Amino acid sequence: MGGQDVTDSRNAPEASDMTIHDSANPMRPSLSIIVPTYEEADSLPPLFARIGDLHDSGLSLEVIVVDDDSRDGTEQAMRNLALPWARLITRRGQRGLSSAVLTGLRAARGDTMIVMDADLSHPPEAIPAMVAALDQGADFVVGSRYVPGGSTEDGWGVLRWINSKVATVMARPFTTVKDCMSGFLGFRADAWQRAVDLDPVGYKIGLELIVKCQCRNVVEVPIHFSTRQHGESKLTLKVQIQYLDHVLRLLRWKHPKWSSFVPFALIGLSGIGVYAGLLAIFGALLDGLLSTDLQVILAIALTIGWNFLWDRWLAFWYARGDSIWRQFIGFMAVCAVPVAINYFVTTWLVDDRMIAPAAGAIGALIGSAAGVVFNWFVARAIVFRRRSSS
Ligand SMILES: Nc1nc2c(ncn2[C@@H]2O[C@H](COP(=O)(O)OP(=O)(O)O)[C@@H](O)[C@H]2O)c(=O)[nH]1
Ligand SMILES: [Mg+2]
């Protein structure tokens, strides 16, 4: 296997930092199996023994191992195997499961793609059934633990199980697949080429692909999910936190309006509490120092500030790069309508000798209810504009 530096790989910004140890096999296979690896040298010989059985049984395949420069003997292991249908891509200066999978997909030549772990938790023997499901019309196929016939090897810790289930439930807004976390995936080459806005972050490239390729007919093929025999899992706490971020990104991509309006409305609701609380505090502390009118104005100003900062962060995330002062001025202008309603209701109730916190709450409630939809539409259209590229 000679090392060959890649300089012209399509869509591959990382290309100059990787080496393909090519097998120079001129035959175009019908199936490409992508195996991302990080420190999996010991798993490779048994993995290739089992994939080799598929190859020997007549399946036209290539395997692309995408290793993030593990330096644990992976290159040597691949050299020892010396399989004409296997390639190793070593990426340098880059880590990440999803981006490794995308690197492998770009290099793949088959019409059908399978992505699997190196650690033998995914049985290669299930691959023919997965390919058959695709041939029969599935857009996407998942090797699944959670469908009849599927199972998980005993000894999977309870925590690990809960973890997997919680992650699956969080994926519910996007797919009803029972085991979209398994990491054992298959699809036709054109499905991922059709994908828009692929975001190679995180660990769950399966979920990303199902959503971004808009795959509807996802079929689950039952597998027995084995416990890894060699090496360690890379599913760290950091990776799990990144998953939350990934789900949020997918939500924002798939439902941009709702994922803006819902936080906006909730922040508006929180503003009511902030406003009433401020009025109560001012009433207790500033009564001799500041007139009631000024107290109300101060409370309104601080509440606008509260709403603005949270809205900018959570409801209009895409406009965080724009000038904050310009946005703040625009936001205040947009707030003027409900704020005016709020101010008059509050001061009118105070004149009516109701206690100020209750007055504040009622004023804010009416103002917010009247303003929330109006404000959101106007803020979105004028203050927090979406740039065409985001
Ligand atoms: N290239 C690459 N592969 C990775 C990375 N993280 C994990 N992998 C591989 O992705 C597969 C799944 O990872 P694993 O640690 O088994 O995760 P788990 O199955 O969730 O415990 C394995 O083959 C890993 O070697 C990474 O940062 N880069
Ligand atoms: Mg694993």
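Trainee: Which residues of H3 are buried?
Mentor: In H3, these are Leu97, Ser98, Ser99, Ala100, Val101, Leu102, Thr103, Gly104, Leu105 and Ala107. A residue is buried if 20 or more other C-beta atoms, placed from the backbone, lie within 10 Å of its own, exposed if 12 or fewer, and partly exposed in between.

Trainee: What makes H3 largely enclosed by the rest of the structure?
Mentor: Ten of its eleven residues are buried, so H3 is called largely enclosed. This is a predicted model, in which local features need pLDDT of at least 70 and side-chain atom pairs pLDDT 80 or more, while totals for chains, interfaces and linings use all residues. Residues are numbered from 1 along each chain as its sequence is written, and chains are lettered from A and ligands numbered from 1 in the order in which they are written.

Trainee: How do you know whether Met116 is buried or exposed?
Mentor: Met116 has 26 C-beta neighbours inside 10 Å and therefore counts as buried. Met116 lies in the loop between S6 and H4; helices (H or I, at least four residues) and strands (E, at least two) are DSSP runs numbered from the N terminus.

Trainee: What does Met116 touch, leaving out residues up to four places away in sequence?
Mentor: Ile33, Val35, His122 and Phe184. Contact requires C-beta atoms, placed from the backbone, within 7 Å. Met116 and Gly183 are 67 residues apart in sequence, with their C-alpha atoms 6.2 Å apart in space.

Trainee: Why is Leu120 called partly exposed?
Mentor: With 19 C-beta neighbours inside 10 Å, Leu120 counts as partly exposed. Leu120 sits in the loop between strand S6 (112–115) and helix H4 (127–135). Its phi is near 70 degrees, a positive value in a residue other than glycine.

Trainee: What about Asp69, where does it lie?
Mentor: Asp69 is in the loop between strand S4 (61–67) and helix H2 (74–81). Asp69 has a positive phi of about 55 degrees although it is not a glycine. Most residues other than glycine have a negative phi. Asp69 has 17 C-beta neighbours inside 10 Å and so is partly exposed.

Trainee: Why are H9 and H10 called roughly antiparallel?
Mentor: The axes of H9 (residues 258–285) and H10 (residues 292–315) cross at roughly 155 degrees and come within 9 Å. Axes are lines fitted to C-alpha atoms, for helices over the stretch in contact, and angles run from 0 to 180 degrees between N-to-C directions. Under 35 degrees counts as roughly parallel, over 145 as roughly antiparallel, 65 to 115 as roughly perpendicular and the rest as oblique. H9 and H10 are therefore roughly antiparallel.

Trainee: How do the residues of the contact of H9 with H10 divide by class?
Mentor: Into 15 nonpolar, six polar and one charged. Ala, Val, Leu, Ile, Met, Phe, Trp, Tyr, Cys and Pro count as nonpolar, Asp, Glu, Lys and Arg as charged, and the others, Gly among them, as polar.

Trainee: At what angle do H1 and H2 pack?
Mentor: Helix H1 (residues 44–56) and H2 pack at about 35 degrees, with axes 10 Å apart. Leu44, Pro45 and Phe48 in H1 meet Thr74, Ala77, Met78 and Leu81 in H2. Six of the contact residues are nonpolar, one is polar and none is charged.

Trainee: Which residues come nearest to ligand 1?
Mentor: Of the 19 residues around ligand 1, Pro36, Ala100, Ala118, Ser233 and Lys234 do; a residue is near a molecule if its C-beta atom, placed from the backbone, lies within 6 Å of it. The shell has seven nonpolar, five polar and seven charged residues.

Methods
Contact = placed C-beta atoms within 7 Å.
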